[in-house]
Protein chains: 2
Amino acid sequence: MAGLLAAVAAVAAAGILAAPASLAAQSPVEAVRAYREAHGAEILAEYRELLALPNVASDSAGVWRNAEYLRDRLDGLGFAAELLTLPGTPPVVFGQLRVPGATRTLALYVHYDGQPVDTAGWTHGPWEPTLYTRSMEAGGEPRPFPEPGEAVDPEWRIYARSAGDDKAPFAALFPVLDAFRDEGIAPTSNLLVFLEGEEEAGSPRLGEYLARHRGRLDEADIWLFLDGPVHPTGRPLITFGVRGVTALSVTVYGPTRPLHSGHYGNWAPVPGMMLSRLLASMKDETGRVLVDGFYDTVEPLGAEERAALDALPDTDPELMRELGLARTEGAPESLAERLLLPSLTVKGLASGNVGPLTRNVIPAEATAELGIRLVEGTDPDHLEDLVEAHIRAQGYHIVRDDPDLESRLAHPRIAKVERQGGYPAARTDMSLPVVRSVVAAARQGAGDELVLVPTLGGSLPLYLFTDGLGKPAVIVPIANADDNQHAPDENIRVGNLWYGMELFAALLAME
Amino acid sequence: MAGLLAAVAAVAAAGILAAPASLAAQSPVEAVRAYREAHGAEILAEYRELLALPNVASDSAGVWRNAEYLRDRLDGLGFAAELLTLPGTPPVVFGQLRVPGATRTLALYVHYDGQPVDTAGWTHGPWEPTLYTRSMEAGGEPRPFPEPGEAVDPEWRIYARSAGDDKAPFAALFPVLDAFRDEGIAPTSNLLVFLEGEEEAGSPRLGEYLARHRGRLDEADIWLFLDGPVHPTGRPLITFGVRGVTALSVTVYGPTRPLHSGHYGNWAPVPGMMLSRLLASMKDETGRVLVDGFYDTVEPLGAEERAALDALPDTDPELMRELGLARTEGAPESLAERLLLPSLTVKGLASGNVGPLTRNVIPAEATAELGIRLVEGTDPDHLEDLVEAHIRAQGYHIVRDDPDLESRLAHPRIAKVERQGGYPAARTDMSLPVVRSVVAAARQGAGDELVLVPTLGGSLPLYLFTDGLGKPAVIVPIANADDNQHAPDENIRVGNLWYGMELFAALLAME
């Protein structure tokens, strides 16, 4: 509680807090830039220390060391910091910084655990942070961490697990708060930090943590998710939503045992063909899902979202070249547009054997794994209901377990449907005043290059915040897109930490 | 050459050969029955000796011992017997018996090799023939082989590899020839025997053997294939054809690598869905193949074939119950009718993973293994051409190897089609005089229960004889349908050997 709050109190007493940050002699962004130029080596040294702490969620001792480190650091910055706990799961590091006079609260989410590691693919130990002169792919070479006062090249990369995902925000946020303290700048908002320790394990207890501490979280006006990489072009990015996700496994049945394809072929139903017909009935040649009602509840885009979409860089042609695609589903709609509709994909297919193990049989069954991505307005259970209704409309009797002989004899077509749960999408309305403030502030830190993405294609349980806590939530990433997140040789480009510092400076000082 | 031919010469000299067998005081069938009643124990003892010889085609020493045994036995029966050889492959045992005055030649095909053995599943050693009081499933117990003169129960079973498939014809044929010799009965036809040693290995050199020795085989008027089991009802059986077989492997392509189903789902083409649409276009809901021209060249049935079909026992309802099928393809047509049309089945499907290994990806490709069974009039290459034309008509560019990036970018839909070779069907016209003679003779041996099957669903390279040698060919099985062929505890019901003896007696003495 010591340093920062004292400084804040002093500054507040001087009446500076009331003045917009941009009117100060030196803007917070400029102040942070100057701080970073003076202390680059120390910032990297501190980050190296944090990255050296093993942080796989299943390694209880390791994640606790990370959590305690973060709690102590927040404590040193003047936060009321503590560890929230539930039995058998990593703690949440929770911190609260009240700024006298502030009428708004920004809540910051970061996760401190990292993807599990198969050390085989790593050039260096995942928790032995190693500095490179640039990325390995670009021919970078290892070099010592800089001495205090030594110039820092933004193209340098630090290799370590979680360097990009998701410890990078700590390496940018803590120095900003140090700089604010040193320069006597106070944040313009109260701050909450909520640091999760098992995001890479699928956030199994996140909802429980949020529900249990809802009282303390309720003052947040907006959640900033400090996670993920910036745009592949390197341009800064804010994302306003994510798709939800769910899945179904569908198995159809032929004879009770694989049959000789000669003795029975043309008479015994062929499950691979039945499944193909069933799947083909679900989607047309252009990629449109034919399941009745699939698109009916999709929340339409507002003017802001439409404008953001139109302003997105067109990376589709390059992506198509890279992926060897001569066509895409729903063409000529762009990838970004297509992500605003729910999707139905075949993640897996299996029946009998293919390749050298194939046999001249009619297999007994065929299975498809169907993946559904959801968008704002669509509900996982509802879409699963619609897919089941579609399967039923194709003449199938739906079961939950493998059918017995009696059931097989009673129903000409049987589909076992296993619903695999999931969660809904989340999208924050870009026209909300607090969202507009965040975007305006981010433009100060990020410049005109800032890309506004209505929704990510991937899924995060952001709905726990938007639906669960009823708050707007936006994703504010800082890592480079080529950070090898979830993979060996994960890294952060030092320039992206510097970008993060200026972005956070602008956000903490936003009007 | 000794015994039989001398006897035949003597009988011929007495003018008996000119008289139809049925007018003799004791018919050949009756004579053979009496011989068997007197010598049952000796017949089983001889079969035990033959079954004790290991006979997997890949065991060169073993198959040669079998071949030499069979050659010597034929030699003892008066045949001109020899081993035909090709380097690196089991010999064919070839034997020729010329009957003075005979104007017709019956060629008999049997294979003396057996399915490879995994001894794990066997109750006794596969080459330790063991006699049971009845089938193991029916509660049979092992018992000693009988002493000469001891009564033989037709329900006894001999357990050993190849007991049913395909040494059983030897156990019936040799005693018939012994009986004919003892009773002074001459066959009414010249005989050729052609005994293959690698049928269970797929008959890779059969065509070469036949071509090389065509000159000696050309005198055959009809080939009798002594192989396979009788009707599942236990009724005797003659089959006039088999289906041909071929196969195609079809792979369709999405992105060059599996993609995150969130980031790209709804935009990147999904190969599992493309493949489903492609397969669904090939067959309608009733099981009719929609590939243009697929049925156009099918040879229509003659009146005899139609009558045989109508007279077949209706086992479909029982089979459907056993297999848990509430419907069949092409219903209400029977299994036997459906086998007279070419079939297209999905033997295997694969894309990504299913079950616990499934991941949230759009897989890079999807593969189907398609099996085609052919009937008389259809050609494997031609049907494969038609399927390829169908795939092309769905907008696919067909390749033979995985496409490179340039090819992927040039073609919106690419299918790799691997044609896996195969061979045509064979069907012998039931109205040919020699075929009518065979059927009439078989009725003497088998009675009115004889079932005439226009075609088997399975495939054998019978076309090598019908198309290759230009001769009619019919399949005359004697083994019980529950003989566990190709499986552990293979067996023969002794009564089926007795049936085989009477059947062969009738055939060898046919008008």
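**Figure 1. Strand S8 of chain B between two parallel partners.** Strand S8(B) and strand S20 (residues 473–475) of chain B run parallel and are joined by three bridges. Strands here are DSSP E runs of at least two residues, and helices are H or I runs of at least four, both numbered from the N terminus. Two strands count as paired if DSSP finds at least two bridges between them. This is a predicted model, in which local features need pLDDT of at least 70 and side-chain atom pairs count only at pLDDT 80 or more, while totals for chains, interfaces and linings use all residues. Residues are numbered from 1 along each chain as its sequence is written, and chains are lettered from A and ligands numbered from 1 in the order in which they are written. Leu224(B) has Val474(B) as its bridge partner in S20(B). Strand S3 (residues 105–111) of chain B also pairs with S8(B), in the parallel sense, over four bridges. There, Leu106(B) stands opposite Ile222(B).

**Figure 2. The two faces of S8(B).** In a regular strand the side chains alternate between the two faces of the sheet. S8 (residues 222–225) of chain B is covered on both faces. Ile222(B) and Leu224(B) are buried on one side, Trp223(B) and Phe225(B) on the other. Buried means 20 or more other C-beta atoms within 10 Å of the residue's own; exposed means 12 or fewer, and partly exposed lies in between, with C-beta atoms placed from the backbone.

**Figure 3. A four-strand open sheet in chain B.** The strand order is S5-S4-S6-S21, with antiparallel pairing. Strand S5 (142–143) and strand S21 (491–493) each have a single partner strand, so one side of each is left without a neighbour in the sheet. Strand S4 (residues 130–132) of chain B runs antiparallel to S5(B), with two bridges between them. Tyr132(B) has Pro142(B) as its bridge partner in S5(B). Helix H16 (residues 494–508) of chain B lies across strand S6 (157–159) and S21, at about 65° to S21(B).

**Figure 4. Two packed helices in chain A.** Helix H14 (residues 433–446) and helix H16 (residues 494–508) of chain A pack at about 145°, with their axes 8 Å apart. Axes are lines fitted to C-alpha atoms, for helices over the stretch in contact; angles run from 0 to 180 degrees between N-to-C directions. Contact residues include Val438(A) and Ala441(A) of H14(A) and Leu503(A) and Leu507(A) of H16(A). Two residues are in contact if their C-beta atoms, placed from the backbone, lie within 7 Å. The residues of this contact are eight nonpolar, two polar and one charged. Ala, Val, Leu, Ile, Met, Phe, Trp, Tyr, Cys and Pro count as nonpolar, Asp, Glu, Lys and Arg as charged, and the others, Gly among them, as polar.

**Figure 5. Chain A meets chain B.** In this interface, 67 residues of chain A are in contact with 67 residues of chain B. Among the elements that each supply at least two residues on the chain A side are helix H8 (271–280), helix H10 (316–323) and strand S15 (365–374). S13(A) gives the largest share, nine residues. The chain A side has 28 nonpolar, 27 polar and 12 charged residues. S13(A) and strand S13 (residues 343–352) of chain B run antiparallel, joined by five bridges. Gly352(A) stands opposite Gly348(B) in S13(B).
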